[in-house]
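Open the model in your viewer and keep the sequence panel beside it. The stops below are given in the order to select them.

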Amino acid sequence: MKTTNKTASQRPVSRKAKKEASQKYNIVLTTNKIPEYRKEKGLRQVDLAQIIGCDSVTISRYERGLREPSLAYAILMAEYFNCPVEDIFGLKKEPDA
């Protein structure tokens, strides 16, 4: 039987811990400039989706504010558009309630 010694950073994070972390920081997306950056490059939603490795429906949902991108997709878009993530999404920290 194999045993593994996982460090704290390798252990799965519980749902409770994730919820507490998101409540602690309470960061929201205030703007979404994906359509502007995409059109500036002459791309369709399907083109951007292929570039970052997701579905065009996902890009549509990001653009309409129905879904927030994962950190990985946000970083991929920022790298492709050669700008900081904050320029695309306008991150803002809200005061804790």
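Which residues in H4 are buried? Select H4 (56–64): Thr58, Ile59, Ser60, Tyr62 and Glu63 are buried there, where buried means under 20% relative accessible area with a 1.4 Å probe, protein chains only. Helices are DSSP runs of H or I with at least four residues, numbered from the N terminus. This is a predicted model, in which local features need pLDDT of at least 70, side-chain atom pairs count only at pLDDT 80 or more, and totals for chains, interfaces and linings use all residues. Residues are numbered from 1 along each chain as its sequence is written, and side-chain values use heavy atoms, with hydrogens and water left out.

Next, show H2, H3 and H5, against which the buried residues of H4 pack (contact: heavy atoms within 4.5 Å).

Now go to the ends of H4. At its start, a side-chain oxygen of aspartate 55 comes to within 2.9 Å of the backbone nitrogen of valine 57. Just after H4, glycine 65 has a positive phi of about 75 degrees.

Then select Ile34, Leu48, Ile59, Met77, Phe81, Ile88 and Phe89, the residues with the most contacts inside the largest nonpolar core, which has 17 residues. Such a core is a set of buried Ala, Val, Leu, Ile, Met, Phe, Trp, Tyr and Cys residues joined through side-chain atoms within 4.5 Å. H2, H3, H4, H5 and H6 each give two or more residues to this core, and H5 supplies the largest share, four residues.

Last, select cysteine 54, buried at 18% relative accessibility, and cysteine 83, buried at 14%. The whole structure has zero disulfides (cysteine sulfur atoms within 2.5 Å).

Terms used:
Buried means under 20% relative accessible area, exposed over 50%, partly exposed in between (1.4 Å probe, protein chains only). A polar contact is a pair of N or O atoms within 3.5 Å; within protein, one must be able to donate a hydrogen and the other to accept it, and residues adjacent in sequence count only if both atoms are side-chain atoms.
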